[in-house]
Amino acid sequence: MAECPESSTGTEHLFKVLVIGELGVGKTSIIKRYVHRLFSQNYRATIGVDFALKVLSWDASTLIRLQLWDIAGQERFGNMTRVYYKEAVGAFVVFDVSRHSTFEAVLKWKSDLDNKVKLPNGKPIPAVLLANKCDQQWDGLENSPAMMDRYCKDNAFIAWFETSAKENINIDEATRFLVKNILSNDFIHLPENRDVDNVKLTEEPEEAKDKAWCC
């Protein structure tokens, strides 16, 4: 993550956010929906890592350049994940509500994340849990906000959202919630956070709405 120099019009931030979870939970679909406003049933499985870029006009004086890193589901315990995670300041951990096995893998992803990347103050990076494909039937799980709130609290997720890339449910809201949490961390103003590679972003600024299942 890097804080870009202040310009005459305000402050710019560059945030790296990871999107992780088991193979086929919809990570690529979530990113494509958020960045490009597109959905397809025919995305190929990500190999290694991919990333997409988005610019947010957060307020009248703040521009946020958001890197969303799509980590392949089979990469969880690979040697490269430490490299992929480097400099991240937030994460989405995704599971597929229609496949219970992907929910069972959530804590393995969260543990791997917490072991491989931390904020400059030594704390874990903020992570939001996404219960994706919520337009489908939940498999072996009680669709209970109270239960999910307890799960998030017990496992150090800052919030959870039911999402659907297909139906465009809560994608914008979840991202805005995570970015707001990142902005609330004082470390973004530290000068040492300047070593993320500069990238060219092509997406137009767009606002998102607030809505969250908070833990």
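**Exercise 1. Is Y34 buried or exposed, and which residues is Y34 in contact with beyond its neighbours within four places in sequence?**

Step 1. Y34 belongs to helix α1 (residues 27–36).

Step 2. The cut-off for buried is under 20% relative accessible area. Y34 has 2% relative accessibility and therefore counts as buried.

Step 3. Leaving aside neighbours within four places in sequence, the contacts of Y34 are K54, L56, L66, L68, I171, D172 and T175.

Step 4. One of these contacts is L68, which lies 34 residues from Y34 along the chain, with 9.9 Å between the two C-alpha atoms.

**Exercise 2. Determine which residues of α5 are buried and which are exposed, and where the buried ones lie around the axis**.

Step 1. The buried residues in α5 (residues 145–154) include M147, M148, Y151 and C152. Because these cover an arc of only 135 degrees around the axis, they lie on the same side of α5.

Step 2. A helix has 3.6 residues a turn, so residues three or four places apart point the same way.

Step 3. R150, K153 and D154 are exposed, on the other side of α5.

Step 4. The buried residues pack against β5 (90–96), α3 (100–104), α4 (106–116), β6 (127–132) and β7 (159–162).

Step 5. After α5 comes A156, with a positive phi near 65 degrees.

**Exercise 3. What does the side chain of N170 reach?**

Step 1. N170 is in the loop between β7 and α6 (171–184). Its relative accessibility is 9%, so N170 counts as buried.

Step 2. The N170 side chain reaches the backbone oxygen of E162 at 2.8 Å.

**Exercise 4. Where is confidence lowest and where is it highest?**

Step 1. The chain has an average pLDDT of 82, and 75% of the residues score at least 70.

Step 2. Confidence is lowest in strand β1 (residues 2–7), with a mean of 48, and highest in β6, at 98.

Step 3. Residues 190–211 have pLDDT below 50, although this stretch has 56 contacts in the model beyond near neighbours in sequence.

Step 4. Where pLDDT is low, the predicted coordinates should not be read in detail.

Note on methods: Residues numbered from 1 in each chain as written. Predicted model: local features only at pLDDT ≥ 70, side-chain atom pairs only at ≥ 80, totals over all residues. Heavy atoms only, no water. Buried < 20%, exposed > 50% of the residue type's maximum accessible area, 1.4 Å probe, protein only. Helix = DSSP H or I, 4+ residues; strand = E, 2+ residues; numbered from the N terminus. Arc of directions from axis to C-beta. Contact = heavy atoms within 4.5 Å. Polar contact = N/O pair within 3.5 Å; in protein donor to acceptor, adjacent residues only side chain to side chain. pLDDT = per-residue confidence, 0-100.
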